[in-house]
Amino acid sequence: MKSNDWLHGFRHSSPYINAHRGRTVVLTMPGDAIEHRNFINIIHDIALLGSLGVKLVVAFGGRPQIQSRLDDAGLESSFARGLRITPDNHLPMVMEAIGGLRAYLESQLSMGLVNSPMHNARIRVSSGNYVTAKPVGVLDGIDFGYTGRVRRVDTRGIEQLLELGHIVLLPPMGYSPTGDAFNLSYEDVGSQVAAALQAEKLIVFIDDEGLLEEDGSLIRELSARQASERLNDNAVTGHDAALLKAACDACVKGVRRAHIISYVEDGALLEELFTRDGSGTLVSGDNYEQIRQARVEDIGGILELIQPLEEQGVLVRRSREMLETEIDRFVVAERDGTIVGCAALYHYPEEGAGELSCFAVDPSYRRAGRGDEILAMVEKLARGQGVHKLFVLTTQTEHWFRERGFLPTAVQDLPGPKLASYNTQRNSKVFYKPLCQ
């Protein structure tokens, strides 16, 4: 039987296609990625993004290519602070390697073979002196020579090219007002350019699926603050630390989101941009996911979330009309415009009690702590309303609440109005949690 999985995925990607159209995305590409066999697929995906109206800047590196060129010339390379030291006699080889990479990338983005993803793409690629550089100088007694840092970005020049539909290609080179050329870190170029353009996203390519914990598991999300703490604690080291710092710096300077994704995995770039959960590690400087008070426009999302649980008998049925009148009692967890969790707080001021009700989390997020975050929000609101005891009625999730400090109690302990409306047919168990003020 013919599978329609592609059709389902394509239809559900349309909100993300619309969201990214006309937005600027900066791709940060290491030289290792350019040499990898999956690179041709990344080129095809870049072409697809351009056809969908995404404004693209590609900052590329060339460390292995530079090293190869220096080795061929019999020159020994040295590093300090994660940067290559560039004496004046190395600079010609550095420029030669980077120039060759630039030409190669332009040639790959110019392909248009029939029966290939690039057919009729007609991509315009532009590059130039859009990055002004300054020398690193002397650090710890080491003269870094013609190794530099980004000093200024010609945002107007880049934006004009993006408006014309060009892909802007930025090599790891910068130029000074004195006419000198400097060898730059490609991570620095990508991060600084993304910040200067106030890009929607910075995409940083890495050889793993993203940043990994010590046990090898993927770190899915980090706030800029959490990323900075990991760097300060040396929890991330080596080149991964440089990549995370680039992502963190961009977010602190106004880039909404940075994503560290795999250049080895086919389709990682498209998965990141056009699916809800994306791929790799997200570094966010804003409320990408937030727990907040519900609004009237959230009712549709809440209904979609709770309907399956109502049909299973886990939740009491609520009509749209009821939700409209009680929406101010609800909090929601919103992820990328989608409601993935909700709960309601009903206050009984005479008893100093509050009821946690209509508690639901999308199944895809139940193991990621969303329920705990929603519960914490409800408890905070309850304390603000003078609630001393929070109670919940449940038929299916007794152990979840007991693990979070809720204690069993008798039905007769419910506040008077709630006791009067207690549904004996559901036979819900009652649990409460004392709240410290």
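Predicted model: local features only at pLDDT ≥ 70, side-chain atom pairs only at ≥ 80, totals over all residues.
Let me start with helix α6, residues 155-163, and helix α7, residues 186-197, which pack at an angle of about 80 degrees with their axes 10 Å apart, and α6 is therefore roughly perpendicular to α7 (a term for angles of 65 to 115 degrees). On the α6 side the contact, meaning heavy atoms within 4.5 Å, involves Thr155, Ile158 and Glu159, and on the α7 side Val193, Ala196 and Leu197. These residues divide into 4 nonpolar, 1 polar and 1 charged.

Residues are numbered from 1 along each chain as its sequence is written, and side-chain values use heavy atoms, with hydrogens and water left out.

Gln198 is partly exposed at 46% relative accessibility (between the limits of 20% for buried and 50% for exposed, with a 1.4 Å probe and protein chains only).

Turning to the cysteines, the count is 0 disulfides, a disulfide being a pair of cysteine sulfur atoms within 2.5 Å. The sulfur of Cys251 has its closest cysteine sulfur in Cys248, 7.0 Å away and too far for a bond, and for Cys358 the closest is in Cys342, at 4.5 Å, again too far. Cys251 is buried at 5% relative accessible area, and Cys358 is buried at 3%.

Conventions: Axes fitted to C-alpha atoms, helices over the stretch in contact; angles between N-to-C directions. Helix = DSSP H or I, 4+ residues; strand = E, 2+ residues; numbered from the N terminus. Parallel < 35°, antiparallel > 145°, perpendicular 65-115°, else oblique. Nonpolar A, V, L, I, M, F, W, Y, C, P; charged D, E, K, R; others polar.
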